[in-house]
Amino acid sequence: MRGAAEEIRRFATHYGVSPQIMERFDRNYRGFSLLEERQTPLKMFTALQAPTLPVTLANARIQLEDANATANPSHRHQRRLKACALGITVACPPRARDVVDRIFWGHGVFYRAETNSYAFDYSQSKVGHKLKIGFQPSFNIFFNALLLGDNDARYLPQIREQAIAQRRPIFMRYDGEPVAYGWFGRAWDEAIGSSSHLARTLLQTFLADLGEPGLAYGRNAIGHRSHRYLSKYRDDHAKKISASRASDAFSSRAENLSPNDISDLL
């Protein structure tokens with residue numbers, strides 16, 4: 001919104017609108033700029049209060065078991081859907097637009113028989129980068145639950161083949177229609193107190209301290225390539241921890257250096 005206000009103000013300046021109208025555009029721009037400045041601290045405060053992604057994954061497994069024990073079929077389906085959405089996307093939180101436009105069986109979501117695992121493979125809507133993420137077989141419990149519903153597990157291969165042939169969305173309501181655009185964000189909001197944008201922040205924070213492999217995975221899963229955008233997905237607490245660890249590592253290395261070692265580096 002701040003960016004749109006800036007472009008409108010630039011357009012108005014170019015075409016020479018009256019000072020009175022220009023003042024209204026300036027006021028809107030200043031207001032949106034102040035709101036934007038509040039976003040980062042608010043997001044980071046929420047991130048500190050939110051459960052970690054491993055905890056969210058464990059909760060998703062519990063919720064899936066509870067859903068399967070629910071008596072009402074429509075309620076059972078809805079609870080199963082939310083549990084699977086959280087469980088699957090803990091490892092790769094997609095954007096809401098991708099959930100409704102790009103994540104279909106056989107078109108965005110694939111089953112790899114050779115590894116008995118599932119994978120995301122599609123072009124992301126916002127950033128335009130190709131997403132290729134393979135899930136560990138431990139995530140099959142969620143993918144299979146979406147396919148099976150209340151059916152017996154022995155029918156899984158046939159149901160999966162049918163879903164792939166029909167290019168069905170993986171997240172569908174009880175009536176057989178795809179979920180609405182805002183449904184995915186609401187599911188995450190119930191789980192962690194904010195949208196899937198915060199889930200990407202939690203993912204990047206969790207992965208960054210794993211070193212370069214974690215950073216590489218985060219770049220792929222989130223879609224952004226530049227460090228400037230990636231840094232927005234890490235909270236200040238995690239940045240301080242990383243800086244402290246780096247400082248400790250350098251200090252530890254320095255204690256073992258001899259004068260000859262230092263001279264070699266000069």
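This is a predicted model: local features need pLDDT of at least 70, side-chain atom pairs count only at pLDDT 80 or more; totals for chains, interfaces and linings use all residues.
Me: At 42% relative accessibility, does Arg167 count as buried, partly exposed or exposed, and what are the cut-offs?

Reply: Buried means under 20% relative accessible area, exposed over 50%, and partly exposed in between, with a 1.4 Å probe and protein chains only. Arg167 counts as partly exposed at 42%. Residues are numbered from 1 along each chain as its sequence is written, and side-chain values use heavy atoms, leaving out hydrogens and water.

Me: Where is Arg167 found, and what is its phi?

Reply: Most residues other than glycine have a negative phi. Arg167 has a positive phi of about 55 degrees although it is not a glycine, and it is found in the loop between H7 and H8. Helices here are DSSP runs of H or I with at least four residues, strands are runs of E with at least two, and both are numbered from the N terminus. Asn116 also has a positive phi, near 50 degrees. Its place is in the loop between strand E2 (108-112) and E3, and it is partly exposed, with a relative accessible area of 40%.

Me: How many helices and strands does the protein have, and what share of its residues count as buried?

Reply: The protein has 13 helices and four strands. Of its 266 residues, 37% count as buried.

Me: How should I read a nonpolar core, and which residues have the most contacts inside the largest one?

Reply: In soluble globular proteins, nonpolar side chains tend to be buried together. A nonpolar core is a set of buried Ala, Val, Leu, Ile, Met, Phe, Trp, Tyr and Cys residues joined through side-chain atoms within 4.5 Å. The largest one has 43 residues, and those with the most contacts inside it are Trp105, Phe120, Phe135, Phe143, Leu146, Phe171 and Trp188. Among the elements that each supply at least two residues of this core are helix H3 (53-68), helix H4 (73-89), strand E3 (117-123) and helix H8 (183-192).

Me: Which residues does Trp105 touch?

Reply: Contact means heavy atoms within 4.5 Å. Not counting residues up to four places away in sequence, Trp105 touches residues including Tyr118, Phe143, Leu146 and Arg167.

Me: What span should H4 have, and what covers its buried residues?

Reply: The expected span of a helix is 1.5 Å times one less than its number of residues. For the 17 residues of H4 that should be 24 Å, and its end C-alpha atoms are 24 Å apart, which agrees. The buried residues of H4 include Arg76, His77 and Leu81, and what covers the buried residues includes H3, E3, H6 and H8.

Me: At what angle do H4 and H8 pack?

Reply: Axes are lines fitted to C-alpha atoms, for helices over the stretch in contact, and angles run from 0 to 180 degrees between N-to-C directions. H4 and H8 pack at about 80 degrees, with their axes 10 Å apart. That makes H4 roughly perpendicular to H8, a term for angles of 65 to 115 degrees. Residues meeting there include Leu81 and Leu86 in H4, and Phe184 and Trp188 in H8.

Me: How far apart in space are Gly149 and His77?

Reply: Gly149 and His77 are 7.1 Å apart, C-alpha to C-alpha, and 72 residues apart in sequence. Gly149 lies in the loop between H6 and H7.

Terms used: Angles under 35 degrees count as roughly parallel, over 145 as roughly antiparallel, 65 to 115 as roughly perpendicular and the rest as oblique.
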